[in-house]
Amino acid sequence: MEMELNSRERVLGLFRHEKIDRAPVFSGMGNITIHGLEKYGWGFPGIHVDAHKMASMAASTFHLFGFECAVVP
């Protein structure tokens, strides 16, 4: 039976040095993409002065691409 982990289990398993189903895709850098900006219709400078916009943009990388992270710059 193949192991299939959710994003949280995959990242935590990596940090615990456990066997995981595949390498998680994440970065310690901010995850703002042009695709996320276009989805919401926001400009890059404007997200840096609004906590809701910044959090939404960080989460958009997971929602759009399935990356196991949401990093706010």
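**Salt bridges around one arginine**

Let me start with a pair: R10 and E68 make a salt bridge, with their closest N and O atoms 2.7 Å apart. R10 sits in helix α1, while E68 belongs to the segment after α4, so this contact ties together parts 58 residues apart in sequence. Keep in mind that this is a predicted model.

Are these two residues buried or exposed? R10 is buried, because its relative accessibility is 5% and the cut-off for buried is under 20%. E68 is buried as well, at a relative accessible area of 9%.

Next, E68 also has R22 as a salt-bridge partner, and here the closest N and O atoms are 2.5 Å apart. R22 is in the loop between α1 and α2, and E68 is in the segment after α4, so the pair joins parts that lie 46 residues apart in sequence. R22 itself is partly exposed, with 37% relative accessibility.

Back to R10. Its side chain meets that of D21 in a salt bridge, 2.8 Å from N to O. Helix α1, which holds R10, covers residues 7-15, and D21 is in the loop between α1 and α2, so parts 11 residues apart in sequence are tied together. D21 is partly exposed, at a relative accessible area of 29%.

How many salt bridges does that make? The count is three. Which residues form the network? R10, D21, R22 and E68 are the ones linked by these salt bridges.

That is what I have; questions are welcome.

Key:
Residues are numbered from 1 along each chain as its sequence is written. This is a predicted model: local features need pLDDT of at least 70, side-chain atom pairs count only at pLDDT 80 or more; totals for chains, interfaces and linings use all residues. Side-chain values use heavy atoms; hydrogens and water are left out. A salt bridge is a side-chain nitrogen of Lys or Arg within 4 Å of a carboxyl oxygen of Asp or Glu. Helices (H or I, at least four residues) and strands (E, at least two) are DSSP runs, numbered from the N terminus. Buried means under 20% relative accessible area, exposed over 50%, partly exposed in between (1.4 Å probe, protein chains only).
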